[in-house]
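Hello,

Here is the structure we spoke about. Please open it and follow along with the notes below.

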Amino acid sequence: MPGWKALGGALFRVLAVWLVSTLTLLVLAGLLPDFRLQSPGGDSLTRTALTAALGAGAFGLLSALVWPVLVRALLLVPALVLGLLVFFLNGSLLLLALDLVPDARGQAGPETAVIVAAAMSAASSATSAFLAVRNDEAYHRRLVRLAGRRRGHRTGRSGGPDTPGTLFLQLDGVGHDLLREAARGERPLMPTVARWAAAGHRLTPWRTDWSSQTGASQLALLHGSNEDLPAFRWYEKDTRTVVVSNRPSSAAELQRRAVARTGDGGLLAHDGASRGNLFSGGADQVALVMSVAARRGRHNRSRAGYFAYFSDPANATRTAVSFAAEVVREIVQSLRSRFRRELPRVKRGGLYPVIRAFATVVERDVVVAAVIGDLLAGRTAIYADLVAYDEVAHHSGPAHPDALQVLRGLDRSLALIARAARHAPRPYRIVLLSDHGQSHGPTFLERYGLSLGDLVRAGCGLPVPRRAGRTPSGAEAREAARAALRRPEEAAGQRPERTGKPDLAHPLVLASGNLGLVSFPDVPGRITREELDRRHPALLATLANHPGIGFLLVRSAVHGPVVLGPAGAEHHLGTGRVIGADPLAPFGEGAADAVRRTDRFPHAADLMVNSACDPETGAVHAFEEQIGSHGGLGGAQSHPFLLWPAELTPPAPDGEPLTGAEQVHRVLRRWLAEAEGPQLPLGPAADELRRGMRPPGGFPPPDTTPQDDPR
C-alpha cells in the first residue's frame with residue numbers, strides 16, 4: 001500500500017508540472033510575437049492546447065534525458081562558461097521539442113526560444129518545489145538529488161543514527177563584531193542568526209595568527225596545522241616558486257605538508273564532506289575543493305560538484321538568471337559609488353562583475369545544495385565555506401551597504417539549510433564560524449601614491465615608475481637611498497641610466513592584504529639585518545619610518561628576530577627588550593607571540609612588513625587593491641567568531657581566549673567527539689587528544705559565565 005501511495009504521489013507531481021508547463025506555453029504564445037503553437041491558418045483552442053501539451057511534454061522529457069548528458073560533457077569547460085551557456089542550451093532543447101510536435105505547429109525564433117525555455121524551467125521548478133515542500137519524502141528525495149546522490153546509497157533505510165551529526169558553516173571574512181551587530185535589534189540584518197542566538201547558541205571571538213587569511217586559518221581548522229604558512233602568497237627560495245594558497249597545486253601541496261606534520265587525515269576523515277573549501281579536511285565527499293581540483297578522475301575534479309547541481313535544468317536556469325542579475329547589480333553599484341565619489345574606492349571593472357557573480361551566486365548555490373544533500377544523507381561531519389561576503393567586502397568595504405546586502409542573502413541560505421536539517425535522518429548541531437574578519441581603509445597606493453614594491457625599490461636605490469617617483473614618499477626614499485649609497489643627487493627631470501646590469505639585486509615584493517613580504521631571491525636562506533644594511537643601507541629605515549607602515553620583521557645575526565618601528569624603535573622578540581616605543585603595542589595583546597611564531601617558519605620572507613593601523617578606527621592600508629582587507633595584524637581582521645549550540649561544551653572552559661586556528665581545530669575535534677563521533681588521529685596525537693576528550697565523570701555542565709550575546 002505505501003508503494004502505491006508513493007507511486008500515485010509521484011504521478012500527481014508529474015501531471016501537475018506538465019499542466020503548469022502547458023499553461024505557461026499557452027500564455028507565452030499569446031504574448032510573444034515570434035512564438036506560435038498553431039498552423040499558419042489557425043487552429044481551434046482544443047488543438048492549440050494539445051500542441052502546447054505535446055511541446056511541454058517533449059521539452060520536459062528532453063530536459064530529463066538530454067540535459068544531464070550535456071552538463072556532464074560541459075564539465076570540460078570552465079564553470080563560468082557553463083553558467084553562461086545555460087540559456088543557449090535550454091533554448092536549443094525547446095526548439096528541438098517544438099520540432100517534435102506534429103505538423104510543425106510549434107515554431108519560435110532562436111531568441112524567443114531562450115526566453116520561453118527560461119520561463120518554462122522557472123515555472124516547473126516553482127511547481128515542483130511547492131509540491132515537494134508539502135510532501136516530506138518528495139522534499140527529501142529532491143534535495144538529495146541536488147547533491148548527486150542516489151536515494152538508495154545512503155538514505156534507503158527508514159531511520160538514521162541516534163548520535164547527532166555536526167555541520168560547520170564558515171562565513172568567510174565575517175568578523176566577530178560585525179556578526180554581533182548583524183544579529184541585534186528588532187529587525188536584525190541576519191534574522192536566522194538572531195533566532196539561533198535566542199534559542200541558545202553562544203557567541204565568542206577568537207584571534208587569528210599573524211596571517212589572517214583563509215589559507216592559513218582553514219588549513220589549521222581542517223588539518224590541525226598551519227605551520228610554515230606565513231601569508232596568502234609567498235616566495236620559497238629552495239624551490240624558486242611563488243606559493244599562492246588558493247591555487248590548486250599550492251593548496252594540494254599545503255594539505256600534503258599539513259597531513260605529514262600532524263599524522264592524521266583531518267577533521268572530516270570519518271564520514272565527512274567538504275564543500276567550497278580550499279582543503280578537503282580528509283573528507284571522502286568533496287565539491288568545489290581547491291586542493292583536489294587538479295586531480296583527475298570522476299569524483300575528484302573541481303567541477304564534479306557542479307554536475308550534481310546543474311544536472312537539474314530548473315536549477316541551471318534559476319542560477320543563470322540570478323548570475324546575470326548579480327552582474328548587472330555590481331555594475332550599477334559600482335557606477336553609483338563613482339557618481340557619489342565615495343572614498344575609499346577601488347576599480348571594479350573588467351572581469352570583476354563576473355567574478356563577483358560567480359562567488360555570490362554560482363558557488364553559493366552549488367555549496368548550499370551540496371550541504372543540503374549531505375544533511376539528508378546523514379553525514380557525520382560537514383564543513384562548508386560561503387565566500388560571498390568576503391569577495392564583495394574586499395571591493396566595497398566591510399560595512400558598506402553592498403556588502404551588508406550580501407550578508408543578508410547569506411542569512412537566507414542559512415535558513416534554507418536549517419529547514420533542510422529538520423528533514424535529515426539524524427539530528428544535527430550547526431556551528432557557525434569564520435576564518436578571519438576584514439579591516440577597512442584606503443589602500444597603500446591610494447593613500448600614498450605608490451605601492452609597497454615602489455617603496456622597496458626606491459629604498460634600494462632602484463628605478464621606480466615616474467608616478468611613484470613624483471610622490472613625497474617615493475622621492476624621499478630615493479634621495480635617502482642615494483645618500484646612503486653615496487651617489488650624486490639626481491637633477492630634476494633626469495632619468496636613471498639603464499645599463500641592463502643593475503648594481504643591486506632586485507627584490508621580490510608580494511602582498512597579502514596589509515601584510516607585505518620582501519624576498520631577495522639571489523641570497524640563499526634568510527638574509528640578515530646586517531647583510532641588508534650592507535647591501536641596501538637605506539632600505540630598513542625607509543620602510544620603518546614610512547607613515548603607512550606599522551612595523552617590519554627582520555632577522556639579525558646578533559639579536560635574532562627584531563621588529564622595527566619608526567624613529568629607531570625596536571622590539572627584540574628573543575629577549576623581549578624594547579627600544580623606544582614598542583612598535584607592536586598598537587596591534588594589541590598577542591601581537592608579539594604571533595610575530596614570533598611566524599619568524600620561526602622556514603619560509604618566512606626576508607622582510608615581513610605590516611601596514612600601520614589606526615588604533616581608534618582599526619583602519620589599515622592594504623598593499624593590494626582592496627578597501628576591505630585581511631592578511632596581517634590590525635583592526636577587525638584578526639577577530640573572527642565561533643557561534644555554537646549551548647549543548648556543546650564551551651570552547652575554552654577555563655575562560656582563556658582562543659588564540660590561533662590550531663587551537664580552534666582542537667575545539668572542533670572535541671565537539672565531534674562529544675557526539676561519539678569520529679576518532680580522527682592516525683598517529684601519536686591520538687592518545688593526547690583522547691585524554692583531553694573525556695575527563696572522569698563526563699563533561700562538566702556548560703559554563704554559565706557571561707558570554708557575548710549577539711542580540
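In which helix is the place of Arg666? Arg666 sits in helix H24. Keep in mind that this is a predicted model. Arg666 has 47% relative accessibility. Buried means under 20% and exposed means over 50%, so Arg666 counts as partly exposed. Now look for Leu267. In sequence, Arg666 and Leu267 are 399 residues apart. In space, their C-alpha atoms are 9.3 Å apart.

Next, helix H10.

H10 covers residues 214-223. How many of its residues are buried? The count is 10 of the 10, so H10 is largely enclosed by the rest of the structure. Among the buried residues are Thr214, Gln218 and His223. What covers them? Helix H24 (661-674) is one of the covering elements. Others include helix H11 (248-262) and the strands S3 (165-171), S4 (202-207), S9 (381-386) and S10 (428-433).

After H10 comes Gly224, with a positive phi near 85 degrees.

Then helix H15.

H15 runs over residues 388-396 and is mostly covered. Nine of its nine residues are buried. They include Tyr389, Asp390, His394 and His395. The cover includes helix H8 (176-182), helix H14 (352-377) and helix H16 (401-421). Just after H15 you will find Gly397. Its phi is positive, at about 115 degrees.

Now a buried residue in a strand.

Glu236 lies in strand S5, residues 233-236. Its relative accessible area is 1%, so Glu236 is buried. Which side chains make polar contacts with the side chain of Glu236? One is Arg257, at 3.0 Å. Another is His603, at 3.4 Å. Leaving out residues up to four places away in sequence, Glu236 touches Thr241, Val243, Arg257 and His603.

Last, the surface.

Which residues make a nonpolar surface patch of about 320 Å²? They are Ile331, Leu335 and Phe339. Ile331 is found in helix H13, residues 313-339. Ile331 has 41% relative accessibility, so it counts as partly exposed. Here is a rule to carry with you. An α-helix has 3.6 residues a turn, so residues three or four places apart point the same way.

Best wishes

How values were computed. Residues numbered from 1 in each chain as written. Predicted model: local features only at pLDDT ≥ 70, side-chain atom pairs only at ≥ 80, totals over all residues. Heavy atoms only, no water. Buried < 20%, exposed > 50% of the residue type's maximum accessible area, 1.4 Å probe, protein only. Helix = DSSP H or I, 4+ residues; strand = E, 2+ residues; numbered from the N terminus. Contact = heavy atoms within 4.5 Å. Patch = residues over 30% accessible without salt bridge, like charges linked within 9 Å, V, L, I, M, F, W, Y side chains within 5 Å. Areas by Shrake-Rupley, 256 points an atom, 1.4 Å probe, with all protein chains shown as cover. Salt bridge = Lys/Arg side-chain N within 4 Å of Asp/Glu carboxyl O. Polar contact = N/O pair within 3.5 Å; in protein donor to acceptor, adjacent residues only side chain to side chain.
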